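Let's take a friendly walk through a protein model, one feature at a time. Keep the 3D view open and look for each residue as it comes up.

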Amino acid sequence: MARPLLFLACALALLACSSVASADTVKHSFHIKNVTVERLCKQHVITAVNDKLPGPIIKVHEGDTLEVKVVNMSPYNITIHWHGIFQILSGWSDGPEYTTQCPILPGTSYTYKFTITGQEGTLWWHAHVHWLRATVHGALIIRPKTAYPFPKPHKEFPILLGEWWNSDINTVYNQGFANGGLPNNSDAFTINGQPGALYPCSSSDTYNLTVEQGRTYLLRIINAALNTQLFFKIANHNMTVVAVDASYTAQLVTDVVVVSPGQTTDVLITANQPPASYYMAAHAYASAPGVAFDNTTTTGIIVYKNSKPSTPVMPAPTAFNDTPAAFKFNSNLTGLVTGPHWTPVPTKIDENMFVTVGLGLSPCAANATCVGPLGMNFAANMNNASFQFPTKLSMLQAFFGNVGGIYTTDFPDNPPLVFDYTNSNINGFNTSILPTLKSTKVKKLKFNSTVQIVFQNTALISIENHPIHLHGFNFHVLAQGFGNYDAVNAPKQFNLVNPQVRNTIGVPVGGWAVIRFTANNPGLDIGKVKGYQIFKRLKVDQTNQDSMTVPQVQNLTIQRLCNQHVITAVNGGLPGPLIEVHEGDTLVVHVFNKSPYNISIHWHGIFQILSGWADGPEYVTQCPILPGTSYTYTFNITGQEGTLWWHAHVHWLRATVYGALIIRPKKDNCYPFQKPDGEFPILLGEWWNSNINDVYNQGFANGLLPNNSDAFTINGQPGALYPCSSSGAYNLTVEQGKTYLLRIINAALNTQLFFKIANHNMTVVAVDASYTAQMVTDVVVVSPGQTTDVLITANQPPASYYMAAHAYASAPGAAPGTGFDNTTTTGVIVYKNSKPSTPVMPALPAFNDTPTAFKFNSNLTGLVNGPHWIPVPLKIDEHMFVTVGLGLSPCAANATCLGPSGMSFSANMNNASFQFPTKLSMLQAFFNNVGGIYTTDFPDNPPLVFDYTNSNNGLNTSILTTLKSSKVKKLKFNSTVQIVFQNTALITLENHPIHLHGFNFHVLAQGFGNYDVVNAPKQFNLVNPQIRNTIGVPVGGWAVIRFTANNPGVWLMHCHLDIHLPLGLATAFVVENGPTLSTTLPPPPSDLPKC
């Protein structure tokens, strides 16, 4: 079982693991954007949630599940922390930037989802990026399932104490820390977002609370200030504390509440004074001696109902530096042993830690000027380790993905030097102990271990009360005091019976505090990063280069076939989001890889004219995007209309990382067919019940092949014929008499598919984003990588009709259920207003119905008068005859291979089994003229002529063996290439879908048996052949294509059965630059991933 990653605010991180259940779901949406507000006589632009300061109040009951979709419409990165929530089994939702997640980038969204168990009372939520929580915060109220353990109040009111700057908070932050100094103090404090009557221009908006004589009210006090502990009082009224940090306390009567940033305190007040107006007021508890602070006071007004107007009574102020009053309040709090969710103090301690907390100095960066003492930077530390947040990957993702270099697990249990910690006369500026170095050290904990921490304040730079917040846990506060912790006598003061329980403890100024907790909180057992956001849809303008943001490629948990599975996905969806553009648009996609795997994205079928750097295949046009890094794909889409798609091009990750790419005609242009009443992408996929990376690695480990899939899918759902799948089946509602365009994409890894709709014909109008002459059919055959656009008319009696797809298993002798996945995926077409009925099932072709498959593929023709039609080039510069099929390769040294003859299964073109580089991409090698990455000796013909399709040669060892190489074919710019693809019967006969990157090609002819060089050309269609980017070479047959190499760069050509690509069924074309700048490959973008 994995252990989680937690975060101890100020500087320390921890690791731990367990389980919990969920309940009802409460949903909210947060729209974070900049808004203009009036404060202190001026208008200010702030970042806020749903246009409010404070943000919306979230109210739940204990046991509920909370789901909050955060849409970042601000110009800043954002995350939201749910302060004090345990996050049992949901550590991915905790929120601190680069600790449990990378930030939500501008223009993107993320959904936090977690169950709230074992907690009641007042918590809060806030931004956890830089200082944005100054205005991005709000209350989170957890009510009990039954009753409070105190008299039911008449009403409840949240009181959020905040801190206000007259300057932009991001500017304050950036300028303050720019040269090693500190930011300015605040200009005001606020109550529920308003400064109050003591500030200029603020009287009219002062927070008012109306009460009735004799009634009791619950005030939920939250210190949302950034940097200031606060004293809070209500004139002439006592308060009874009943809870702190969402943990019930024994009732404590007080006239003053002390609350540190992050802490909450629930108090009861009774309106028992003469009817009038009374100020509630808050000002700083300034614990650091001699340090400047904001000495203003915020006020709200409690007004007795029906009282006469009067000047509010002001409470007697507490001195700003009244440490005895603060300590008395904090140390007198005790837990409610008989209350809900009380947990006894654990007595067995597994981990003892002594952690110093305080300020220090760190060295100035090279060539920089620092304005801190001694020409250094101000810094802060725990045990002399000054924490530095990662920037490439969150620590939780690094832990889950076992990624090194993000953090180290060597946070010390004790400070490296023992000294007189709180003696400011000796140590204030003691240069021998002041310096600290930046690091990302964390503490690793075993699951269920009990941890005791002594927090020791230090007097380095200055002594100060430090509120320490522990994410993911509550803790018992056993004791607190002043001076240096006394290991002999202090434990005698420990309250092991009824200590207060908190999540944030103010370590006394010049003193210490002891906490104890059990590390029983898992964060990784669910093992999924929610909220996959790899693409955010947007409209791409024809004239402008618009941006499509891809913030997160992450792991996700979904339910399929009765089980939960961890997949890598895009934007939390399977399939990923639909991208819609117009012909002529430029598409910009920022890909941020927050998965634990290398990633690249291929834009399948896009020409990539002079933008080969954006094509995407790993180690061909780029090195992979490593976990925690990003890459921006930018390309223009010209001369193409129709349906294409995008997918991962690393190992088998495209099983779940894929989506549709729809290219519509330019605005004001029309389709070359009747306008449909609606359009729907139909993505056919392939599903494994096992982790797809394990399937890949285990399958190829010993020279064998991976397992077949367990299901097929339509738009990510298996459909009603699979267990536990009926409710999620894809449904498409149509209206009688209307016509619809279905954009069918085969996103399966390894299987050609038959697709039918019960009782409905389809009219093919395009394939691979190239228009065709219209062809009516009752079945579509689509190979992996191919797309087919069809029109269907809802002309049947109103009812429900299945759309269904199953395998076209072209390899002979594959017994159903052993050699291929013989299941069937379904979706449902439902006529609007039809009566509920059992859907009609189409009669699908036999799995091995090659005649039907060949009829469909060979009858397609191009639309000569359609948009972007290109005539067949007649002059041929390069003739190639390329065999495609399987074979065997020698077993690696000192390895055991379980393939035939003790060898590895492999695949090849012209007996060259392609091996991808690993040190540099081929396009980089081409551009920079680097040798040793590939060779340009791919042969135009096979080295041996034999009876290619004679299955008697299936295991002919004299022709089966092939060697690994990285051979490519070099082409002159603008040369015309004709390729005869010849299927072979080595190992087995099979239909191979061959995809050519960077180009479309004309399919001149296809047939069975060995290609006949005399008679086959007589069949060539040179008038209106279909145009494709992926051709299914017929099982035991051949196909002829022709294209013009008018695009400089390196272009992969490979079998789109992903089981064959790692075996080596590929090569590449290196197309030389043309004679002009406009025909020369530009340099790579600056963020091209490095190997």
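In this predicted model, a side-chain oxygen of Asn691 comes to within 2.9 Å of the backbone nitrogen of Asn693, at the start of helix α5. Which residues of α5 are buried? In this helix, which covers residues 692-700, they are Ile692, Asn693, Val695, Tyr696, Gly699 and Phe700. If you look down the axis of α5, these buried residues fall within an arc of 160°, so they line one face of the helix.

Now let's turn to the cysteines. A disulfide is a covalent bond between the sulfur atoms of two cysteines.

| Disulfide | S to S distance | Torsion about the S-S bond |
|---|---|---|
| Cys41 and Cys201 | 1.9 Å | about 95° |
| Cys562 and Cys724 | 1.9 Å | 95° |
| Cys891 and Cys897 | 2.0 Å | 85° |

Start with Cys41 and Cys201. The torsion about their S-S bond is about 95°, so this disulfide is right-handed. It links distant parts of the chain, 160 residues apart: Cys41 sits in the loop between β2 (25-39) and β3 (42-49), and Cys201 in the loop between β11 (188-191) and β12 (208-211). Cys41 has 38% relative accessibility, so it counts as partly exposed. Cys201 has 55%, which means that it counts as exposed.

Next come Cys562 and Cys724, whose link is also right-handed. Here, too, distant parts of the chain are joined, 162 residues apart. Cys562 lies in the loop between β32 (545-560) and β33 (563-570), while Cys724 lies in the loop between β41 (711-714) and β42 (731-734). With 33% relative accessibility, Cys562 is partly exposed, whereas Cys724, at 58%, is exposed.

The link of Cys891 and Cys897 is right-handed as well. Is Cys897 buried or exposed? Its relative accessibility is 12%, so Cys897 counts as buried, while Cys891 is partly exposed at 24%. Two other cysteines are buried: Cys102, at 2% relative accessibility, and Cys1055, at 0%.

Finally, how confident is the prediction? The mean pLDDT of the chain is 90, and 94% of its residues reach 70 or more. Over residues 523-551, however, the pLDDT is below 50, although this stretch has 148 contacts in the model beyond near neighbours in sequence. Residues 814-818 also stay under 50, with 6 contacts beyond four places in sequence. Where pLDDT is low, the predicted coordinates should not be read in detail.

Key: Residues numbered from 1 in each chain as written. Predicted model: local features only at pLDDT ≥ 70, side-chain atom pairs only at ≥ 80, totals over all residues. Heavy atoms only, no water. pLDDT = per-residue confidence, 0-100. Contact = heavy atoms within 4.5 Å. Buried < 20%, exposed > 50% of the residue type's maximum accessible area, 1.4 Å probe, protein only. Helix = DSSP H or I, 4+ residues; strand = E, 2+ residues; numbered from the N terminus. Arc of directions from axis to C-beta. Polar contact = N/O pair within 3.5 Å; in protein donor to acceptor, adjacent residues only side chain to side chain. Disulfide = S-S within 2.5 Å.
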